[in-house]
Amino acid sequence: MTQHRRYAGFDRRELLRRAAFLAAAAGGGTVFGACATGGGGGTTGPTKKPGGKVDANNPFGVDPKAPLDVVIFKGGFSDEYAKYHEAMYKKRYPESEVKHLGTQDITPQLQPRFVNGTPPDVFDNSGAQDLDTATLVNQGQLLDITPLLDAPSWDIPGKKVGETLIEGALDPLLFEDKPYGVPYALNINGLWHDGKLFEENGWETPETWDDLMALGEKTKAEGIPLWTYQGQYPGYMVSVFNPMVQKHGGNEVMKNIDNLEDGAWQQDAVVAVAEAFFELKSKGYIMPGTAGLSHIQSQAAWAQHKAAIIPCGSWLKSELGSQLPGDFEMTIAPTPSLDSSDKLPFDAVPYSPGESFLVPSKAKNTAGGLEFLRIMLSAEGAQKFAELTYTLTIVDGAHDSQDLDSTLESSLELVKAAQAVERIEPPKYGTWYRPLQEEIEAAMGVLLTGKLDARGFLERVQKKADAVKKDPKIKKFTR
């Protein structure tokens, strides 16, 4: 694994997408741009006349002889799961030629194709070089997938596809209340530790910030730093910061941030969590050298017990691969509550979907692209993804009866507990305003490893939020 993408949510690839920008963390610029052609607004439903008979087994009228063009981001999840889904498609439509491309270069591969009007039929928009989804939507380059949600499930009897998804499954790809793709992987962001190490030392999972600071003294006494993170990609720490803010102040706090409300980054809950993060640095609880580490290096160090805790999403085991010791008991826990005044309970965790699968509106086989997504959202397709990637999907209940390894069991337990309490709503600013997201991540890196204190961090981020709000060239969204 060399690169990958985001989202609470952050999905993993978003967290890594902006390495070039973060290398110049002190700056305030941005490194993204428009990607396709002109136009406005998305397109609803397949734009091509159905080439096959429309029925319950073929709700989009797929032409059984039409080729299917699939592009998959080949990162930590690899692309073996997609090959399985393609085999399911091929079994249903044996006369179709399925073209598969696994790549980490999404923008270099696909930007010219969008410009030329020859995009693939479905693609996984992930990785450090993914296309800007908001730009694609604004240019009318993506299909509104509402017809997919209204179609019958591939293999869950009596259910429409939309009825088989977890609550909020499509939130990351909603623009003006319309869904423009499927965020497939159920990324559960939290704090990981080795259950065996904790048991041997009598350490308890910290449920409050004070508990975490006390644990820092205990791990320090054993010669183990409390914390490390993917230092070159401070977005991983934003995925801890956001849920702590929401737990402490409630979902309304993040809604104000998403809506670019004046002074949103000066709200009491935001200030309190920023001060806590500064404490993590000032007490020396972060593993020395963390700032210079890639995600691979920091995660490997954690697996070697060079730090007790690391924040990450549920893709962590898949990414560690053979670097994970055989007796390691990977266990995920929620981010700690700041204190007893938190408005959301400790069990609340971000479980926002990521790994965005999109159907271009100008694809040759839009019906086939939608059908491929219907296959992915089947119970069989979802279970195979989990088996191969150690990550759950947005298909509700698909994994309840599945034979899961201990890491997936830990993830599923966390999700079930989170579903029993008020949900942490996924932040939207990362999708809506990439320049703001980039600045937040850059400032977070300086807060944790540089000369910024909590006040300086918040002033820097608020300045960028104000600039985005005032920029007439940036389309604004609200929720």
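Where does Thr290 lie, in terms of helix 11 and helix 12? Thr290 sits in the loop that runs between helix 11 (268-282) and helix 12 (295-303), where helices are DSSP runs of H or I with at least four residues, strands are runs of E with at least two, and both are numbered from the N terminus.

Before I go on, this is a predicted model, in which local features need pLDDT of at least 70, side-chain atom pairs count only at pLDDT 80 or more, and totals for chains, interfaces and linings use all residues. Residues are numbered from 1 along each chain as its sequence is written, and side-chain values use heavy atoms, with hydrogens and water left out.

Thr290 is buried, at a relative accessible area of 2%; buried means under 20%, exposed over 50%, and partly exposed in between, with a 1.4 Å probe and protein chains only. Leaving aside residues up to four places away in sequence, Thr290 touches Trp227, Thr228, Tyr229 and Gly231, contact meaning heavy atoms within 4.5 Å.

Gly51 and Val62 are 11 residues apart in sequence, with their C-alpha atoms 5.8 Å apart in space.

Finally, there are two backbone angles to look at. Leu260, in the loop between helix 10 (251-258) and helix 11, has phi near 55°, a positive value in a residue other than glycine, and Leu260 is buried at 7%. Tyr390, in the loop between helix 15 (379-389) and helix 16 (406-419), has phi near 60°, again positive in a residue other than glycine, while its relative accessibility of 29% makes Tyr390 partly exposed.
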